[in-house]
Amino acid sequence: MKAVVINSYGPPDVLAVSETRTPQPGPGEILVRVAAAAVNPVDLAVRRGDIPSPVLPAVVGWDVSGTVVAAGPGSTRFAEGDRIIALRSPLADGAGVSAEYVALAEALAVPAPENVALEHAAALPLAALTAEQALNQLGPDFSGRLLVSGAAGAVGGFAVQLAALRGWRPAGLARAGDARTVAALGAAEVFSDTDTPPAGAYDVVIDAAGRPETIAAVRDGGRFLSLTPFAVPEAERSVTVDVYGVRIDAPMLDVLARRVEAGHLTLRISEVLPFEDAPRAHALLEAGGTRGKILLAPGN
């Protein structure tokens, strides 16, 4: 089978499509024919060597959509032909999901939303889980003012949608041209680079864009939650600064998928590119300004 791999660390052009051995599902695993794999900031960090892979060459990619083609011994949750989505970390073994076939633990997979194209369903797992889990850090009784930085991006857009679904009135910070998009996602207020949020006006800022300067919008004694570990501000004015990374949680992913089916959560797709365009996909994401997920599909 073909897979998108890195043989060394560096710029996007270190990515290559290589022939690798098709995996076989082990006990408790399923074999999935991949429809698409999403490109995420963590993939860029692994490719650059900021988060080194345990082995090289390594297949890139964390979240995947596809169709079950076989089940390993003891696997009973899914049957051949089932459409699934899953989040699987390659940081332990270098076995990412940007491949024609992926073997993964059936416990990681959940049924894909039925109302979206299977390729597009790959946009959900990592970004939506990150957003939902970040909001959970605020506690079930949170009633303060929330600002989401990077509100038009993949994670930030989900954070705005999910906060609005909780009945909160989130504010969003994005580029000036994204104001309508952010408002449509559920933001009660929208700010841009030319219309900055008022200083000290928010109880919490969730930064999904690597903008540490937005700590200025947090009130004294408030909280700044960074989802970008390479751009974290120094604590000031008794503001608590935390960094949060995604935790794989299949039951939570299932709830999010059902919200997509119910029409409560919208997937936003920037581009679907063939595996051979993986360098371009990484370059686009690295340049910033993408709106929605960039997906890699083996069949394109």
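## Cavities and pockets in a predicted model

Helix α4 (residues 154-165) makes the largest contribution to the lining of the second largest cavity, with 4 residues; the model examined in these exercises is a predicted one.

**Exercise 1.** Describe the second largest cavity by its volume, its lining residues and their classes.

*Solution.* Begin with the volume, which is about 40 Å³. Next, list the lining, which is formed by Ala 154, Gly 157, Phe 158, Gln 161, Thr 266, Arg 268, Gly 292 and Lys 293. Finally, sort these residues by class, which gives 2 nonpolar, 4 polar and 2 charged residues.

**Exercise 2.** Work out which elements each supply at least two residues to the lining of the largest cavity, and how that lining divides by class.

*Solution.* The largest cavity has a volume of about 60 Å³, and its lining includes Ile 6, Asp 43, Val 46, Ala 58 and Val 59. The elements that each supply at least two lining residues are α1 (41-48) and β4 (58-59). By class, the lining holds 7 nonpolar, 3 polar and 1 charged residues.

**Exercise 3.** For the largest pocket, identify the residues closest to its centre and the element that gives the most to its lining.

*Solution.* The largest pocket holds about 1,200 Å³ of space. Among its 46 lining residues, Pro 41, Ala 208, Ala 209, Gly 210 and Thr 228 are the closest to the centre. Helix α1 gives the most to this lining, with 5 residues, while the elements that each supply at least two residues also include α4. The class division is 26 nonpolar, 13 polar and 7 charged residues.

Notes:
Residues numbered from 1 in each chain as written. Predicted model: local features only at pLDDT ≥ 70, side-chain atom pairs only at ≥ 80, totals over all residues. Heavy atoms only, no water. 1 Å grid on protein atoms, 1.4 Å probe; cavity = no way out; pocket = protein on both sides within 12 Å on 5 of 7 lines; lining within 4 Å. Points joined across faces, edges and corners; volume = space filled by probe spheres on them. Nonpolar A, V, L, I, M, F, W, Y, C, P; charged D, E, K, R; others polar.
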